[in-house]
Amino acid sequence: MRKLILQQIAASEAQREALEAEGLLVEDLEGPDRRYFSAVDEEGRTVGYSGLEHCDEKNALLRSVVILPGFRSQGLGRQLVELTLAEVHPSADVYLATTSAADFFESIGFALIRRDAAPKAILSTRQLSGLCPASAKIMKLSRPQT
Ligand SMILES: CC(C)(COP(=O)(O)OP(=O)(O)OC[C@H]1O[C@@H](n2cnc3c(N)ncnc32)[C@H](O)[C@@H]1OP(=O)(O)O)[C@@H](O)C(=O)NCCC(=O)NCCS
């Protein structure tokens with residue numbers, strides 16, 4: 001499998017286009033406490049993007065995860081998510097909202113939670129407080145006990 005390198009980027013037009021093509025949110029790309037990454041393969045090709053919204057010191061939102069269509073189903077999505085999660089402090093909890101890829105995230109270690117079980121810092125993000133449809137599923141990363 002290709003080995004990916006994660007590079008921190010400023011929100012970019014190419015990233016915006018990749019997200020828009022999948023119907024993912026771009027309205028709230030700009031804003032404080034967000035970090036974005038591109039995933040680059042060994043040949044220097046960008047294969048996807050991801051992002052983190054650091055909501056407070058204890059809670060982060062994984063967001064804007066996309067693998068470009070030509071690179072899917074090769075394990076790169078999982079690798080991209082794992083590399084992105086490694087950027088979060090191990091003591092922080094990681095959440096996400098998804099309408100279409102809950103099974104994918106479940107296979108990586110996220111579990112569905114009830115909306116009212118999510119902390120206020122997560123519920124008050126623009127994604128959760130308005131932009132995401134109410135039908136979006138909220139998931140939390142279950143980290144192995146250390
Ligand atoms: C979701 C996405 C990032 C997965 O990327 P990928 O490179 O195809 O994923 P992987 O090859 O690492 O697949 C990992 C596993 O998840 C499964 N999977 C992939 N996409 C899935 C999806 N949309 N729904 C459910 N399962 C999915 C694969 O079958 C694979 O399972 P396996 O390892 O047991 O065979 C990619 O399909 C994508 O960019 N989709 C559009 C954007 C999107 O939905 N992003 C998530 C927004 S919250």
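**Around the ligand and its pocket**

Visitor: Which elements each supply at least two residues of the lining of the largest pocket?

Guide: Quick note: this is a predicted model, where local features need pLDDT of at least 70, side-chain atom pairs count only at pLDDT 80 or more, and totals for chains, interfaces and linings use all residues. Numbering runs from 1 along each chain as its sequence is written, and side-chain values use heavy atoms, with hydrogens and water left out. A pocket here is an open set of points on a 1 Å grid over the protein atoms alone, where a 1.4 Å probe fits, with protein on both sides within 12 Å along at least five of seven lines; lining residues have an atom within 4 Å of a point. With strands (E, at least two residues) and helices (H or I, at least four) taken as DSSP runs numbered from the N terminus, the suppliers are strand 4, helix 2, strand 5 and helix 3.

Visitor: And which one gives the most to that lining?

Guide: The lining has 32 residues, with Leu24, Val65, Ser100, Ala101 and Phe105 closest to the pocket's centre. Six of the lining residues come from the top contributor, strand 4.

Visitor: What takes up the space of the largest pocket?

Guide: A molecule sits in a pocket if more than half of its atoms lie within 2 Å of its grid points. The largest pocket's space is taken by the ligand.
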